[in-house]
Structure formats: structure tokens, C-alpha cells
Amino acid sequence: MIDLNFKEKKDTRSGFGDGLTELGRTNPNVVALCADLTDSLKMGNFKKENPERFFQVGIAEANMMGMAAGLTIGGKIPFAGTFANFATGRVYDQVRQSIAYSGKNVKICASHAGLTLGEDGATHQILEDIGLMKMLPGMTVINTCDYNQTKAATVAIAEHDGPVYLRFGRPAVPVFTPADQSFEIGKGILIQQGSDITLVATGHLVWEAMIAANELESDGISAEVINIHTIKPLDEEIILNSVKKTGAIVSCEEHNKFGGLGESISRLLTEKFPVRQSFVAVNDSFGESGTPAELMKKYGLDASAIVEKAKKLLT
Amino acid sequence: MTIEQLQTHVQQCRRDILRMVHAVNSGHPGGSLGCAEFFTALYGRIMDYSTQFTMDGIGEDLFFLSNGHISPVYYSTLARFGFFPVEELNTFRKLNSRLQGHPTTHEELPGVRIATGSLGQGLSVAIGAALAKKLNRDSKLVYVLQGDGELNEGQNWEAFMYASAYKVDNLITTIDYNGRQIDGDTKDVLDTTDLYAKLKAFGWTVLEEKEGNHLNRVIDILEKAQSETGKGKPVAILLHTEMGNGVDFMMGTHAWHGKAPNDEQLAIALKQNPETDLKDY
């Protein structure tokens, strides 16, 4: 059984904010930009401590992405923060041309991703951003699962030379990864070994997959659980090694089933080791208003949905 | 470099543009020809730069071409002023070339610091680079060229607003004010109306030069723009140019925005711009 005890709940965006604050103190080249969402992105402390290195661009995300690209010319490491919707779909061409194609060392920091943004509804709940970003050549795509992992990832991506899309969320969620972890881009984390089925999850769904694994174990099913924080480049080894043992896999993500982690895994399996796969993801729809928990249940993204899909896959 | 030498550069640049687009039967000669004086003034007289190219350009003036489709004039200028061999102009728009249809950093062509082509993005990048210079206590300037048709794109206006609000005063943008875009005259496609008043209202220092194809005047207006930097406002130059300048049948129309001359047309155009001491590539 996975230990599901945790000391506190915290939002992943605070992990980003605290990671950024740490970078402000340790790396003089780190600069930050924000499009009128400083408090939502928890960037206020960085701004307070480094006013000269913080750029409030207003509600103008296209200009922000271009400015971030320009700031790299002269050696700065820009962290551009806004909601995931406005960091991707709204400015796709700016990210594509000025950042990705131009090979600029910009960190696109995207909060309030997915359904768990909650009550604001579908206009703000982007479920397509992982797909959009992973299709860009050279773009690293990361979706973190809790406060500690988000903080560690924020610090780690400053050391990575190249564009990064860092995706995190709004609600307070259990803090279950260690505070002192070292974050390795592209390296999945084995949470529990198992023999019957592989559960691979990213972002907020990692916690749900852990709950699901315990429920499956109660029913005599041994689930291997993998925390995939980096969707691109994908840790192919950890996934292949697991499915060679289990022969079945459930991918879990807070994203449209088209274009997300699940599809990346499908491509990998098709090329290297075909096994049966089931998708815990949004079924090609937009979201709606509601509490995060209500939405995760309605759209089939919670632990019970994972259990159900896993059992179905094994029958 | 004397004015006469610079004028020779302008003429050779026009020949390069015409021959480059003719060779691949594609590319954008109209706007390129209209900016030959501007590029020559910038790289021959105005900017302080090293041809030992580094991406960061610390201690150098930087230039960004926002309307990337006029790559022929950009490439010719970079080659003629020593960033890469002029023979390489021969590879323009061909497979495996560093001289892509639109400028890019992807093939690591010396002199280019950002990919442009999808319009409206250059000023934002230039602002970022100007801010990096301020953080680095680097007193050099950042230059950018934007098309007037390109100003249809909303991102420009986000950038205009930002640059004045945050006093990015180490930045000089030049608007290639030729009054034409692909579908016709800008006043018919999407009228910019009073651009001078618009930029003034956006808080910029605005200069205007009606003779944007007069080399001396282009140099003068750029020098005046330099003297206006460091005063708390970004600086814009409205540079009235003639699309297709230097080739009689390409002037007075938008038809040569993105069309290459055929063999016969090339011969006529080159006759109007004889080969110089700089020699064809």
C-alpha cells in the first residue's frame, strides 16, 4: 500500500512562486515577466525582492512572449508567467516563432491549467495546452504534481538551456513528494512497483493514481505507479520496463485525451512494445464551471475513474 | 565610409536583391528595394557592431527586422558588410541554405538574432533586448524595422504601449512607411490613418522623413533619432519609402511585393542599376 498520509495541502502555483523567489536570490540572470496575474501566479515575492528584474507587461501576452525572447539576447533567463490558456493557445504563434523556432531560453510558466481551475469555467480551463506545446520542436514540457515538485522543477529549469513549458495549477492539493528532491527533467519517478497493471500519471492525477493503486490492491490487483512529470522528452525506459512486466497501462492526465501524455505513450508503445492502454483524460470536450472535485468526478479524472478503467482493461 | 561609397553599396544591394529573387523565382523585391538606403545607412554609418557575431551582442548596437519578408535586403547588407561571404547570397531560398525565405536563427546565420516572418513580433523582441541592455548596464542601442502594413497586427500596439509606459528609451524603431501591402494600398486594406498622431498619443518621440530613399536624409534622421534616445521615451521614425525603388516598373504599385522578375524584367532592372566596384556575387 502507498502511504497516503500527508502533512498539508498546498497549491502547485505556490511551489512555482517559491521556486522563483529562490532563483531570484541565487541566479542574477533570472528575470520574470507577468501579464497582470502576479498574485495568482505567486510572483509577488520575486517582484518585491527584485524589482529591477520583474516586468509587469499588462494584459498583453503576445508582447510578453516576444519580450521574453528578446530578454534572452543579453543572457537573461526569462520566466514568463500567466494562466495556461493565455500562455499557449492565445499566443501560439509568438511561442512558435519568437521562442521555439528561434531557440530562445524562455521558461513559459503556466498556472491554472486544466479543469481544476474550477468555477471560472471553460474559457479559462485549457485542456489542449500539453498537445500544443509538445508539438513544438525543442520544447520541453513539464506538468508537476504537488508543491514540492513544482518548486524543484522551477529551480531546475533555470539550469536547462532551451525553451520549457512548465504547467501547474490553482487548487491546494496534498504535498506528498519530498521537499529536498532533486528534479531531473525527462526522468520519471517510480512510486510503487506492481505486476498486473501500470498507472502512469502526470500533474494533479498523480495523487489520484496513488489512491487508485491502493483501491486496486484491496481488490487483489497489483498496480505499478509512475509519476511522469516530464511529458517531453518522455522517459521511455521507465514506461517500457513497466509494461514489459504488466502488459497493460492506464495513462492519467488533466487534459484532452487527444494530444496529451496518453497519446505520447501510445506512440511509444506502438513503436516499441504494443500493449493494451486505457486513457483517463477528458473525452474531447470543453470543461465547465464547478468546484475542482466536482469537475474531476464529472469528467472522469478522479481515483474511482482510474480504478474503473484499470479493471475494465484487465477483464 | 564616404557617402559615395555608401551609395555604391545601395546600388549593389539593389542588384543583389533583384538577382536573388530572380534566381529562385520567389521572394519579396518590392519592400527590399525600398529599404536599401535604410539598411546601408544603418550598417554603413549608424550602428556600432562587430562582424564577429555573438548572439548576446554585449556592447554592440542590435538590429531586429520585424517584417522578415524583406530578407533579401537584410541578407545582402549582412553579407556586404562582412557577416558572411557574399557568395552565400547564391543560396537564398534554396535547400540546405542558411538564407531561409524569412530570417531565422535556426541555421545560425551570423547577424540574425530572432526568427521573423509571421508579422508583428519584432518590436516586442526588440523591447526585451533593450531591457536586457539596461539590466546589463550596456549603453548601446536597439534598432528595429517594422513594415507599415505589419502594423495591422495587434501585438505591435501592445508593444508600443509597453515601451512608452516603461520608458524603454534605448530603442529606435523605424516604420517602413511605403503605404503598400499585399492586397493593395494600406489606406484601402486597413487604413493606418494618422500614424504620426497615433504614435505620439502612445507616448513615443516620433520623427518623420518624407525622403526615405535619399541616403543623406536617412542618415540624418537616424542620427537625430540617436540624439533623442536616453530621454525617457522610445523613438520612432516614420520613413516614407517607395516600394520597388530604383526599378521604374516596380515603383508606384504593390504588384512587386512578393513577385520575382522574369529574365527580361531582370535585364531591364539591372540595366537601371549597373554593376559597381563591389561586383556581383
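So, the two domains of chain A: their centres, taken over C-alpha atoms, are 25 Å apart. Keep in mind that this is a predicted model. Domain 1 runs over 9-174 and domain 2 over 189-314.

How many residues of domain 1 are in contact with domain 2? It's 27, and they meet 30 residues of domain 2 of chain A. On the domain 1 side, the elements giving two or more residues are helix 6 (129-134), strand 6 (140-143), helix 7 (147-157) and strand 8 (172-174) of chain A. Strand 6 of chain A gives the largest share, four residues. By class, that side of domain 1 has twelve nonpolar, eleven polar and four charged residues.

Okay, on to the sheet. We've got an open sheet of seven strands in chain A, mixed pairing, order 3-2-4-5-7-6-12. Strand 3 (54-56) and strand 12 (230-232) of chain A sit at the edges with a single partner strand each, so one side of each has no neighbour in the sheet. From one strand to the next, the twist averages 20°.

Zooming in, strand 4 (residues 77-83) and strand 5 (residues 107-111) of chain A pair in the parallel sense, over five bridges. There, A:G81 is opposite A:C109 of strand 5. And helix 7 of chain A comes back here: it packs on the sheet, touching strand 5, strand 6 and strand 7 (164-167) of chain A, and its direction makes about 165° with that of strand 7.

Beyond its neighbours within four places in sequence, B:I127 is in contact with A:M67 and A:G70, plus B:A159, B:Y162, B:A163, B:V168 and B:L171.

Notes:
Residues are numbered from 1 along each chain as its sequence is written. Chains are lettered from A and ligands numbered from 1 in the order in which they are written. This is a predicted model: local features need pLDDT of at least 70, side-chain atom pairs count only at pLDDT 80 or more; totals for chains, interfaces and linings use all residues. Domain bounds come from an automatic or database domain assignment. Two residues are in contact if their C-beta atoms, placed from the backbone, lie within 7 Å. Ala, Val, Leu, Ile, Met, Phe, Trp, Tyr, Cys and Pro count as nonpolar, Asp, Glu, Lys and Arg as charged, and the others, Gly among them, as polar. Two strands pair if DSSP finds at least two bridges between them. Axes are lines fitted to C-alpha atoms, for helices over the stretch in contact, and angles run from 0 to 180 degrees between N-to-C directions.
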